[in-house]
Amino acid sequence: MRVRRGLIWFFGALVVLGVAQYALQYYGSSVLAQRVSQAHDWADIRVGSARFWLWGVVDLDRIRITPTARTDARLGLAPGYTINIGRLRIHRFRFGWNHGPALTSLSVAIRHVRLPAPNWDWAITVARGPTGRRRRAPTFQSMEGSPSPFDADIVLSFTEGYKRPVLQLQAEVPKVARIGLQCALESPQDIDVVQNPGGLEIRHCRLNYRDRGIMRRFEARMANENHISVPELQREISGQIALDAARSHWPLLSVQAVQEFVRDPRQDLRLQMIPNEPIPLGHAFGRIWPGLPGYLGLTVTLIPSSAGRSG
C-alpha cells in the first residue's frame, strides 16, 4: 500500500512539474516574442530556439541580430550587418530582499559570436605627413576580413535597483583584443531600453584593454599604404594625438599613456570614462570627433600586465 501511495505521489509530482515546465515555456516564449517585436525599430532579431527551465536557466540558440538602416547609419556599419550568436545562456540568478524578494544580479554567457568586419573609415585624422597632409588610414575590412568567433561573459548587477544597473563584461577576440569592461548605467524613467537601447545612459565606465595584434597590424598596414616606416608613422600618430589633446584640453598623463601605447602596443591600457553628467549611449558613440575624450571625461593609464589579464 505504501509503495502504491509513493508511486502515486511520484507520478503526481512529475505531472505537476511537467505542467509547470510547459507553462513556463509558454509564458517565456510569449514574453520573448513580445520583446523581439518591440526591438524592431533598431534591429531585426531572430531566435532559432528558446528554452526556459524551472531551475532558473534560459537558453537561446542561433540568434541573428540585423540592425536597421537607421542604426547602421548611426554606427557607421555596412548595410545588412548581422551579428550571429551560437548560444546565449542566462543563469546564476541571485536574489536579495528589499521590501520583498528582488533580483540582485544575473550572469549571461554568450558563446560563438560572429561579427563581420565593420566598414568603418576613420572620421578623424590619425596622422599627418611633414607637409600637414592627412595620412590615409586602413579600414578594419582591409586588415582583418571577418574576425574569428569569440565568447563573452556578462554580469548584470541591480544592487541600486533596475533603473541603475552595473554591467561587467569579459571578452577575448582572437588576434584582436582582450577586453574587461565595467559600467555603471542609468535607465531614464521615460524610455524603454528594449525599444531604445541607445537611450540607456552611462554614469561611469572602466575598460581594461590588452591588444592581441590588431594594433600592430593597423600600424603595419597604414605605414605600407602611406609608403613610410612604422617608427615614422608612430611618431606622426603621437604628434596628432598631442595636437587633438590640446584642442580638447585632455590631461597630459592620458596623452602620454596613449602615445606610449602607440609605440609599444604590448602594454595594457585602462580607459576610464567619468562624464560630468550621464551620457546616452547613442550620443556617446554616434560619431568620432577630436573633442570626444573631453566630452566623455576620458582618462587613460598604462596598467601592469597582470591587471590587464584579469580585466
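The model is predicted, so to speak of local features a pLDDT of at least 70 is needed and side-chain atom pairs count only at pLDDT 80 or more, while totals for chains, interfaces and linings use all residues. Residues are numbered from 1 along each chain as its sequence is written, and side-chain values use heavy atoms, with hydrogens and water left out.

Helix 5 takes in residues 230-248; helices here are DSSP runs of H or I with at least four residues, strands are runs of E with at least two, and both are numbered from the N terminus. After the helix comes His249, with a positive phi near 55 degrees.

Among the buried residues of helix 5 are Leu233, Ile237, Ile241 and Ala245 (buried is under 20% relative accessible area, exposed over 50%, partly exposed in between, with a 1.4 Å probe and protein chains only). Their cover includes helix 4, helix 6 and helix 8. Beyond its neighbours within four places in sequence, Leu233 is in contact (heavy atoms within 4.5 Å) with Ala127, Glu219, Met222, Ala223 and Ile228.

Turning to the loop, Glu160 sits between strand 5 (150-157) and strand 6 (166-173). Glu160 is partly exposed, at 45% relative accessible area.

How values were computed:
Expected span 1.5 Å × (residues − 1).
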